[in-house]
Amino acid sequence: MLPHRRALIALTVLALTAGSGQAQEPSPDRPDSSLGLKLRLQQSLLPPTAPDPTEDLPVFVEADRIQGTQDSDLQAEGEAVLRRRGQ
């Protein structure tokens with residue numbers, strides 16, 4: 001192998017391994033502040049909020065058989081259940 005080729009391989013290996021020592025895992029007691037969202041611990045469950053009567057809420061449908069046309073009509077047959085958020 002030629003001397004300049006050995007030097008090139010040595011520099012390549014050095015460049016590839018140089019950054020491996022810099023990456024450190026954040027410890028559980030000192031998390032990295034630059035990563036992710038900041039979440040706050042909630043001590044208890046929040047009460048559910050009542051839906052706004054003027055808000056256009058989606059309707060959830062469960063039935064043995066459902067058919068219809070999108071944004072037009074819907075027919076649910078059998079054991080049918082309709083519900084909205086908060087109900």
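**Exercise 1.** How many residues lie between β2 and β3 in their hairpin, and which residue in the turn has a positive phi?

Solution. Before we start, note that this is a predicted model, in which local features need pLDDT of at least 70, side-chain atom pairs count only at pLDDT 80 or more, and totals for chains, interfaces and linings use all residues. Residues are numbered from 1 along each chain as its sequence is written, and side-chain values use heavy atoms, with hydrogens and water left out.

Step 1: Find the two strands, remembering that helices (H or I, at least four residues) and strands (E, at least two) are DSSP runs numbered from the N terminus. Strand β2 covers residues 65-69 and strand β3 covers residues 73-77.

Step 2: Look at the link. Three residues separate β2 from β3 in the hairpin, and D71 in the turn has the positive phi, about 60°. D71 is a residue other than glycine.

Step 3: With a relative accessible area of 80%, D71 is exposed (buried means under 20%, exposed over 50%, partly exposed in between, using a 1.4 Å probe and protein chains only).

**Exercise 2.** Describe how strands β2 and β3 pair.

Solution. Step 1: Apply the rule that two strands pair if DSSP finds at least two bridges between them. Here there are five bridges, and the strands run antiparallel.

Step 1: Pick out one position across the pairing. Q67 stands opposite Q75 in β3.

**Exercise 3.** Which side chains meet in a salt bridge?

Solution. Step 1: Recall the idea: side chains of opposite charge can pair when their charged atoms come close. The rule asks for a side-chain nitrogen of Lys or Arg within 4 Å of a carboxyl oxygen of Asp or Glu, and the count comes to one salt bridge.

Step 1: Name the partners. E77 and R65 meet at 3.7 Å, N to O. This pair links distant parts of the chain, with E77 in strand β3 and R65 in strand β2, twelve residues apart.

Step 2: Ask how open they are. E77 is partly exposed at 32% relative accessible area, and R65 is also partly exposed, at 46%.

**Exercise 4.** What pattern does the chain follow, and what share of its residues is buried?

Solution. Step 1: Count the elements: one helix and four strands. Along the sequence they read α-β-β-β-β.

Step 1: Turn to burial. Of the 87 residues in the chain, 1% are buried.
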